[in-house]
Amino acid sequence: LHSFPTRRSSDLNVTLDEEYECVVNYCEIQTMRFEQRIKVCMEPLPEKIKSKFVPKFSIQALVENAYSHGMKNVEQNGLIRINFHENEEYFEVNVEDNGSSLTDEKLNELQKRISTESVSKDKETGILNLSTRLKLKYQNRAKLFLQRSPLGGLSAKIHIYYEKQTERE
């Protein structure tokens, strides 16, 4: 395991690189538990976005959701994929799974709940909590998108829009 701490009580925001390392550690622990059932494919973090700030445990919340909900009924060949994308407007983190427990009704309900303009007081799931934290920190400069993954389960994408041109350099 990497020797990176998983918690720093003084920081509410961390660099994407720090969050990435926490997720790597979390996935290594989960792989020890579920290596016969679940595989994690985590692409390297692009150098250009390593120093961008994100709320602490934001990516980890999506990965925990994939394990807890997406992989809940998976007995074999489970897959969680984590990848990154960046362009001139935003950077994106995508966590998706091939779980089969997500119904269209549940997906529609989650999409509706995260799309409301108000900040949710409901802490039912990590995804709703993350949506609230993104709204509080970034207002309209960040979005959480939930959709059906091409893998069959959930795809949860965080877009964080760049504030200024100088931040993209």
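The following paragraphs treat the helix pairs, and then a pocket and a cavity. The model is a predicted one.

**Helix packing**

Two packed helices are described by the angle between their axes and the distance between the axes.

| Helix pair | Angle between axes | Distance between axes |
|---|---|---|
| H1 and H2 | about 20° | 8 Å |
| H2 and H4 | roughly 160° | within 9 Å |
| H3 and H4 | roughly 25° | within 10 Å |

Helix H1 covers residues 16-34 and packs against H2 at an angle of about 20°. Angles under 35 degrees count as roughly parallel, and H1 and H2 are therefore roughly parallel to each other. Their crossing is right-handed. On the side of H1, the contact is made by Leu16, Glu19, Cys22, Val23, Tyr26, Cys27, Gln30, Thr31 and Phe34, and H2 contributes Ser58, Ile59, Gln60, Val63, Glu64 and Tyr67. By class, this contact of H1 with H2 has nine nonpolar, four polar and two charged residues.

H2 also packs against helix H4, which spans residues 126-138, and the two axes cross at roughly 160°. Angles over 145 degrees count as roughly antiparallel, so H2 and H4 are roughly antiparallel to each other. H2 passes H4 in a left-handed crossing. Ser58, Ala61, Leu62 and Asn65 of H2 meet Gly126, Ile127, Leu130 and Arg133 of H4 in this contact. The residues of the contact of H2 with H4 comprise four nonpolar, three polar and one charged.

The axes of H3 and H4 cross at roughly 25°, which makes H3 roughly parallel to H4. The crossing of H3 and H4 is right-handed. Here H3 supplies Leu110, Arg113 and Ile114, while H4 supplies Ile127, Leu128, Ser131 and Lys135. Four nonpolar, one polar and two charged residues make up the contact of H3 with H4.

**The second largest pocket**

Rolling a probe the size of a water molecule over the atoms shows where empty space is left. The second largest pocket has a volume of about 260 Å³. It is lined by 15 residues, and those closest to its centre are Asn65, His69, Leu102, Lys106 and Leu110. Helix H2 (58-70) and helix H3 (104-115) are the elements that give two or more residues to this lining. The largest share of the lining, three residues, comes from H2. By class, the lining of the second largest pocket has four nonpolar, seven polar and four charged residues.

**The second largest cavity**

The model has two cavities of 30 Å³ or more. The second largest cavity holds about 40 Å³ of space. Its lining consists of Leu62, Asn65, Ala66, Val95, Glu96, Asp97, Ile127, Leu154 and Ala156. The elements that give two or more residues to this lining are H2, strand E5 (90-97) and strand E7 (154-161). Six nonpolar, one polar and two charged residues form the lining of the second largest cavity.

Note on methods. Residues numbered from 1 in each chain as written. Predicted model: local features only at pLDDT ≥ 70, side-chain atom pairs only at ≥ 80, totals over all residues. Heavy atoms only, no water. 1 Å grid on protein atoms, 1.4 Å probe; cavity = no way out; pocket = protein on both sides within 12 Å on 5 of 7 lines; lining within 4 Å. Points joined across faces, edges and corners; volume = space filled by probe spheres on them. Helix = DSSP H or I, 4+ residues; strand = E, 2+ residues; numbered from the N terminus. Nonpolar A, V, L, I, M, F, W, Y, C, P; charged D, E, K, R; others polar. Axes fitted to C-alpha atoms, helices over the stretch in contact; angles between N-to-C directions. Parallel < 35°, antiparallel > 145°, perpendicular 65-115°, else oblique. Left-handed = near helix turned anticlockwise from the far one by under 90°. Contact = heavy atoms within 4.5 Å.
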